[in-house]
Amino acid sequence: MNEFELIERIFSQMQATLPSSSEIEKGIGDDAAVMSFPAGARLVSCIDTLVQGRHFSADWNDVNQLAFQIGYKAVAVNVSDIAAMGATPHSILLALALPERLVNETWLAEFAKGLFHACQLFGVTLIGGDTTRSDNLVLSVSAQGFLKANTSAVYRSGAQVGDKVYVSGTLGDAAYALQHPDNAQGIELAHRLHMPTPRIALGAALAKIGATAMIDISDGLYQDLGHICKQSAVNMRLNIEQLPTSKALASVDLSERLLCQLAGGDDYELAFTLPAHIEPLIDNSSDTPVTCIGEVISANKIDAATNLRPEIFYRDQAVIPTSPAPFSTWPNLTGYQHFAG
């Protein structure tokens, strides 16, 4: 059995166990997939690439052990982008660049189990893809979702002065687990790094009640909220003592914890803004906790002419280079950037 037959057998068998979607006229097996659109719906699309040594370990032992988690996360991070638009995920395409050492039934079966587990959890179908040979493992997933008729997408550009700033879930867990894979808290939080939970129901509910701007936190809260600031031409005041914290991370040194929460990536929680008069009391479609961490403020002329970014406060005191408490020195709050330096 050659590599293409092996891949086709594993993925086709697992795909057959999932419920079929009436909107997919043609899925795996032809030159392209064909989908029909629900009346009045709009298509939302995104793509994300995971590279060995960049997004997960370069160590082959880790790659072998984390096959399930790698397959799961490849789907989850894309579904999170769909959720951040207020849309409902629908289907994915997978491009898989495999080193020869991973073209075996054991690794591919575990990878496919993780991928299809995520598909089942998040209501998406694998409708096609591509495979090629590579020296290292590289996988790209393109996700599609639908916005129902009369439902507006939530962009990064809609935040208004006076809006409240919220985040879902807890922050900093994945960043801490990445930095401390061997200590007790890092081991306890490893699932947040390897198997994040995209907030699909919450994103759709927020679009319904009038969220003005939204983003999923992939590169760090401070940097990702900066994208909303820039595209909305506003500023924000963040009260960092209010950042939601898991029980495991709460026992970590304060300055290290806050740095993980502000600049760490891979949370895949939603950060969003709501008009002050709207309470984020989401109905039974979502039971994800949300926390108010600040408010949208007007940008001064200097900010507007340079780089808009949140202002951070700790217990009503501005955190600035000359007064960095609760940090001992002014921290680098820049989140992950692929081409920095």
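Phenylalanine 111, once its neighbours within four places in sequence are left aside, is in contact (heavy atoms within 4.5 Å) with Phe11, Ala67, Phe68, Ile70, Gly71, Leu94, Leu96 and Leu139. The model is a predicted one, in which local features need pLDDT of at least 70 and side-chain atom pairs count only at pLDDT 80 or more, while totals for chains, interfaces and linings use all residues. Residues are numbered from 1 along each chain as its sequence is written, and side-chain values use heavy atoms, with hydrogens and water left out.

Phe111 belongs to the largest nonpolar core, which has 45 residues, and together with Leu137 and Leu139 it touches the most other members. Such a core is a set of buried Ala, Val, Leu, Ile, Met, Phe, Trp, Tyr and Cys residues joined through side-chain atoms within 4.5 Å, where buried means under 20% relative accessible area, exposed over 50% and partly exposed in between, for a 1.4 Å probe and protein chains only. Among the elements that each supply at least two residues of this core are helix 1 (3-15), helix 4 (105-122) and strand 6 (138-147); helices (H or I, at least four residues) and strands (E, at least two) are DSSP runs, numbered from the N terminus. A second, separate core of 28 residues includes Val167, Ile228, Met236 and Leu243.

The structure also holds 4 aromatic pairs, a pair being rings of Phe, Tyr and Trp (its six-membered ring) with centres within 6.5 Å, counted as stacked when the planes are under 30 degrees apart, as edge-to-face when over 60, and as tilted for the rest. One of these pairs joins tyrosine 72 and phenylalanine 122 edge-to-face, at 5.8 Å centre to centre and with 65° between the planes. Tyrosine 72 lies in helix 3 and phenylalanine 122 in helix 4, 50 residues apart, and both are buried. Tyrosine 166 and phenylalanine 272, by contrast, have ring centres 5.4 Å apart and planes at 10°, so this pair is stacked. Because tyrosine 166 lies in strand 7 (residues 164-168) and phenylalanine 272 in strand 10 (residues 270-274), the pair ties together parts that are 106 residues apart in sequence; both of these residues are buried.

Turning to the cysteines, a search of the whole structure finds 0 disulfides (pairs of cysteine sulfur atoms within 2.5 Å). The sulfur of cysteine 292 is 14 Å from the closest cysteine sulfur, in cysteine 229, which is too far for a bond. Cysteine 229 is buried, with a relative accessible area of 0%, whereas cysteine 292 is partly exposed, at 29%.
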